[in-house]
Amino acid sequence: MKMGSGPSASMDASGASGVMVGGAMMTPDKDIVDNAVSSAEHTTLVGAVKAGGLVETLKGAGPFTVFAPTNAAFEKLPAGTVNTLVMPENKDKLSTILTYHVVPGRLMAADLKDGQTLTTVEGETLTVVAKGSSVMLRDAKGGTANVTIPNVVSSNGVTHVVDAVLMPTK
């Protein structure tokens, strides 16, 4: 993530400023879920959120900070992982992984400091690794995800697009 650069904010048809993600304008007048549904790069995440029963939660008042893996991030997982996770019998495991990508509160990129630990809704922590103008998150298993598009503001929080799926220890 480049702190001072990256996609520039622009105005949508309603006059609300937003950020382009996955070919669609993400605007602050929509909630996190409604913005994510518009992104062609987040169809796997949206499907997982639906399968995990988290739509209503993420449409709630929040505020939430969501680290949103792209379709390409899910494709990095071992073959068959996503198909297995979205099966009804694996709903609890899927919910655990998804809530590991959500932090209570609204954390903008400028709020993320090197070495900071973030307690997720799932209950475990993520560690912020900030070097120069880039921000990365380290998960409980030592895996990392780069923030590729920061500060996608929604009515009930903020989303940061990431290039990997973060994994809790559970």
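A salt bridge is here a side-chain nitrogen of Lys or Arg lying within 4 Å of a carboxyl oxygen of Asp or Glu, and a search of the whole structure finds two of them. The model is predicted, so that local features need pLDDT of at least 70 and side-chain atom pairs count only at pLDDT 80 or more, whereas totals for chains, interfaces and linings use all residues. Residues are numbered from 1 along each chain as its sequence is written, and side-chain values use heavy atoms, with hydrogens and water left out.

**The two pairs**

- Aspartate 34 pairs with lysine 59 in a salt bridge whose closest N and O atoms are 2.8 Å apart.
- Because aspartate 34 belongs to helix α1 and lysine 59 to the loop between α3 and β4, this pair ties together parts that are 25 residues apart in sequence (helices, H or I of at least four residues, and strands, E of at least two, are DSSP runs numbered from the N terminus).
- Lysine 59 also forms a salt bridge with aspartate 31, where the closest N and O atoms are 2.9 Å apart.
- Aspartate 31 lies in the loop between β3 (24-26) and α1 (32-38), and lysine 59 in the loop between α3 (55-58) and β4 (64-69), so this pair links parts that are 28 residues apart in sequence.

**Accessibility**

- Aspartate 31 is buried, with a relative accessible area of 11% (buried means under 20%, exposed over 50% and partly exposed in between, with a 1.4 Å probe and protein chains only).
- Lysine 59 counts as partly exposed at 31% relative accessibility, and aspartate 34 is likewise partly exposed, at 35%.

**Network**

- Through salt bridges that share partners, Asp31, Asp34 and Lys59 are joined into one network.
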